Amino acid sequence: MAKIAVIEDDGHILELVRFNLEKEGHQVISAMDGEKALQLISDDPPDLVILDLMLPKMDGLEVCRALRGRSRSAHLPIVMLTAKGEEVDKVLGLEMGADDYITKPFSPRELTARVKALLRRVNRVDAQVTGPIQIGELHIDAERYEVLVNGRKQDLTPKEFELLRWMAARPGKVFTREFLLERIWGYDFYGDSRTVDVHIRHLRQKIEQDPANPQYIDTVRGVGYKFRAPSV
């Protein structure tokens, strides 16, 4: 099973999460503030991080941003925990690079189901997408889990990579947000279509020369997105 880092400053919630994850066979490591979390994940890299939004010393958004900025942790799946129900907190978490979020209070069953689903999909290789993809200056290597733009490696989160690879393998095909949610995040994801918009925005910032005038990922107004090869 997986090694999971749980970053939570409430001891009761931490032990509840630990108990339920260990019952599923996972190994749990933990920290109770943001600074210790970064050190823990650096010293003992996990397979997945469960990260509370409100932490002492360094909050969850800062920790998430720091993890995404480091090459060793850039691809770590992150589930954000938040006691707040406001949409802005969920969107901020996704913009910082979180792959999913759970609002407190939550049921242990929901938490373990989401963890299981995310672990199941994070390294999934689609059978229809084989070999590297080269379009213009963009190079996608599924086996190396690597994306290069003009020869420079780009640090993508797991969901960003899966989203890019799926669309790039099918240039010209229009995908609705709902389809991409189901295909990339899975039927048991509890988010909404804005999740796709956030990840597309991040992808454009990483692979497009001018994100405001994209040459790879087009918006199809009122429908969704499609990938196109740049004009030669």
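At roughly what angle do the axes of helix 2 and helix 3 cross, and within what distance do they come? In this predicted model, the two axes cross at roughly 25 degrees and come within 9 Å. Because angles under 35 degrees count as roughly parallel, helix 2 and helix 3 are described as roughly parallel to each other. Their crossing is right-handed. Helix 2 contributes Gly-34, Leu-38 and Ile-41 to the contact, and helix 3 contributes Val-63, Ala-66 and Leu-67. By class, the residues of this contact comprise 5 nonpolar and 1 polar, with no charged residue.

An open sheet of 5 strands is present, with the order 2-1-3-4-5 and parallel pairing. Strand 2 (27-31) and strand 5 (100-103) form its edges, each pairing on one side only. From one strand to the next, the twist averages 20 degrees. Strand 4 (residues 78-82) pairs with strand 5 in the parallel sense over 4 bridges, and Leu-81 has Ile-102 of strand 5 as its bridge partner. Helix 3 (residues 60-68) packs on the sheet, where it touches strand 3 and strand 4, and its direction makes about 170 degrees with that of strand 4. Helix 2 (residues 34-43) lies across strand 1 (3-7), strand 2 and strand 3 (48-52), and runs at about 140 degrees to strand 2.

A further helix pair is formed by helix 7 (residues 177-185) and helix 8 (residues 194-207), which pack at an angle of about 80 degrees with their axes 9 Å apart. Helix 7 and helix 8 are therefore roughly perpendicular to each other. On the side of helix 7, the contact is made by Arg-177, Leu-180, Leu-181 and Trp-185, and on the side of helix 8 by Thr-195, Val-196, Asp-197 and His-199. The contact of helix 7 with helix 8 has 4 nonpolar, 2 polar and 2 charged residues.

Val-147 is located in strand 8 (residues 146-149). With a relative accessible area of 2%, Val-147 is classed as buried, since the term applies to values under 20%. When neighbours within four places in sequence are left aside, the residues in contact with Val-147 are Leu-138, His-139, Ile-140, Arg-152, Lys-153, Gln-154, Leu-156, Phe-161, Leu-164 and Ile-207. Ile-133 is 14 residues from Val-147 along the chain, and the C-alpha atoms of the two residues are separated by 9.5 Å.

Technical notes. Residues numbered from 1 in each chain as written. Predicted model: local features only at pLDDT ≥ 70, side-chain atom pairs only at ≥ 80, totals over all residues. Heavy atoms only, no water. Axes fitted to C-alpha atoms, helices over the stretch in contact; angles between N-to-C directions. Helix = DSSP H or I, 4+ residues; strand = E, 2+ residues; numbered from the N terminus. Parallel < 35°, antiparallel > 145°, perpendicular 65-115°, else oblique. Contact = heavy atoms within 4.5 Å. Nonpolar A, V, L, I, M, F, W, Y, C, P; charged D, E, K, R; others polar. Buried < 20%, exposed > 50% of the residue type's maximum accessible area, 1.4 Å probe, protein only. Pairing = 2+ DSSP bridges. Left-handed = near helix turned anticlockwise from the far one by under 90°.
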